[in-house]
Amino acid sequence: MSEISTVLQLTCSIKLFYHNTDLWYNIKRPEMQDEMNMKKQKKDWILIGGLLAIALLTAIGFWLFSDRGTQVTVYVDGEEVGRWSLEASVDEVIQTEAGSNRLVIKDGKAAITEADCPDEICIKQGQISRTGQTIVCLPHKLVIEVEGKAEENELDAIAK
Ligand SMILES: [Zn+2]
């Protein structure tokens, strides 16, 4: 998730900033080093607490704003072969050159429930329901993706 790397980058730059300030104080007033070290420790805890809070809020925000998908699109070898509403009740066997996968959409969630691929990783990926989530069956070159209205609007805006 790009949010996490942003938080990490922020952590690094804030840390660097604090380091430089401390360094400056230490050079200027070496007799105050002990006091500064104690202050620094306290400051570190405040910093860590603050960053944890930011990370938590980012995670909550991501969860709230990554919106529920509205449709499920199935691609085989990059070609779209089917599209269903996530609200529909679907039980379809998708035949590919390499084998078949059974797609089930129920209660707003999509999943592969059966497949004749050797690894069955697609089945283990479980249910998906949020925009951008995918199930991939590599042996069958099959991708199932949840798409949403927000995403389409964004694409439209870019196209215009
Ligand atoms: Zn599979």
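Which residue takes a positive phi in the hairpin of β6 and β7?

A: This is a predicted model, in which local features need pLDDT of at least 70 and side-chain atom pairs count only at pLDDT 80 or more, while totals for chains, interfaces and linings use all residues. Residues are numbered from 1 along each chain as its sequence is written.

The residue is Lys141, with a positive phi near 50°, in a hairpin that has four residues between its strands. Helices (H or I, at least four residues) and strands (E, at least two) are DSSP runs, numbered from the N terminus. Strands β6 and β7, the latter covering residues 142-147, pair in the antiparallel sense through four bridges; pairing requires that DSSP finds at least two bridges between two strands. Leu142 in β7 is the bridge partner of Cys137. Cys137 also belongs, with Ile135, to the covered face of β6 (residues 134-137), whereas Thr134 and Val136 form the uncovered face.

Most residues other than glycine have a negative phi. Asp107, which is not a glycine, has a positive phi near 55°. Asp107 is located in the loop between β4 (100-106) and β5 (109-115). Glu120, also not a glycine, has a positive phi of about 55°, and is located in the loop between β5 and α3 (121-124).

Exposure is judged from C-beta atoms placed from the backbone: a residue is buried if 20 or more others lie within 10 Å of its own, exposed if 12 or fewer, and partly exposed in between. Asp107 counts as exposed because it has 9 C-beta neighbours inside 10 Å. Glu120 counts as partly exposed because it has 14 such neighbours inside 10 Å.
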